[in-house]
Amino acid sequence: MRTLVTGGAGFIGAHLVCRLAEAGRDIVVLDSLEDQVHEGRSPTLPGGVDFVRGDVGDPEAAQRALEGVGTVVHLAALVGVGQSMYEIDRYVRRNSLATATFLEQVVERRDQIERVVVASSMSIYGEGEYECAEHGAVAPPPRSEEQLIARRWSCTCPHCGRDVRSIPTRESKQLIPTSVYAITKRDHEELCLVTGRAYGIPTVALRFFNAYGPGQALSNPYTGVAVIFASRLMNRHPPVIFEDGEQSRDFIHVSDIVEGIALALDAAPAVDQTINLGTGRPTTINQIADLLGQGLGVEIEPARVGQFRAGDIRDCYADVSHARNLLGFEARVTLDRGMDELIAWLGDQEAVDRVEAATSELAARGLAR
């Protein structure tokens, strides 16, 4: 039986397709080739991989792509927290509603579908998990506008107001998405899991943390922060850092994400589960800017603008015990090694810096201040 990868010409999808093709799987890709990501370029896929150009929300395209398919990896989605906050309708239609339409086609073929793996996102947590000295593990609500205007960036205990420290975020944490994009990724996860349970289709939801690596769209100002900073530096512009740069994320190399997906296609204990795919190690935004500046040999001090953006969170990194126990997964690429690989790839690339235009768009709508 074939494996369908939706969004298989995108950043993570292209790496996954190569990995699965090398393992001898028969692959079909369904991808709309979104201009913001692909900029009119044709996809480069391994020989023998079938390609269907179309949106997952187009029933006819989905029908063609699902012909003879036994396993599905659903990666297709518009990405970008900031952009989702002013293109609300587009994100909900192209992510949530398109996935619902696609699932109806999957259900029609439920007797042939042996596994669905859906890409969820750490963004659905909102703020990560924290620990208060008095109240233990806590899940702070989104920081208030009043707090952010006062430039008080850190989260506090929702019970006593004391400072808290970031701890690994477990899958059981309450979901408090802070952006339209995050809501649509929660929809992806919940729609697929509920449909899978109802129709007996084994389904796994993987919550990706901050993926980076070669092949990410350098000219897309709403993609991962590592390549956004790289694009600025390659054009001899300072990376733009919001808040104070000490906010932290869990940066996981794309090859580790791909390995986690491959494991989820076969692991029996993972069925009907949501699983973090991260490293379990926090890294600040300032650290990423420093690593890229040093690696690219560009001595430009980042522009720490002291502003905040609607939808941003302070800290979130993964508790990886679920991935270890259910998938046998362990992230293997260290940040230093992964950044070295990214920087080596950047040496042959060109980047159009669109960050100022994107930031101006947010500011004009009151979403960055």
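Val204 sits opposite Gln273 in β14. This is a predicted model, where local features need pLDDT of at least 70, side-chain atom pairs count only at pLDDT 80 or more, and totals for chains, interfaces and linings use all residues. Residues are numbered from 1 along each chain as its sequence is written, and side-chain values use heavy atoms, with hydrogens and water left out.

Strand β14 (residues 273-277) pairs with β9 in the parallel sense, over five bridges. Strands here are DSSP runs (E, at least two residues), numbered from the N terminus, and two of them pair if DSSP finds at least two bridges between them. β9 also pairs with β5, again in the parallel sense, over six bridges; there, Val117 has Val204 as its bridge partner.

## Tucked inside

How many of the six residues of β9 are buried? Six of the six are, so β9 is largely enclosed by the rest of the structure. Buried means under 20% relative accessible area (1.4 Å probe, protein chains only). Thr203, Ala205 and Arg207 point one way from β9, while Val204, Leu206 and Phe208 point the other way.

## One aromatic pair

Searching the whole structure turns up one aromatic pair. The ring centres of Tyr125 and Phe209 are 6.4 Å apart and their planes sit at 40°, so the pair is tilted. For the terms, rings of Phe, Tyr and Trp (its six-membered ring) pair if their centres lie within 6.5 Å; planes under 30 degrees apart count as stacked, over 60 as edge-to-face and the rest as tilted. Both Tyr125 and Phe209 are buried.

Note on methods
Buried < 20%, exposed > 50% of the residue type's maximum accessible area, 1.4 Å probe, protein only. Helix = DSSP H or I, 4+ residues; strand = E, 2+ residues; numbered from the N terminus.
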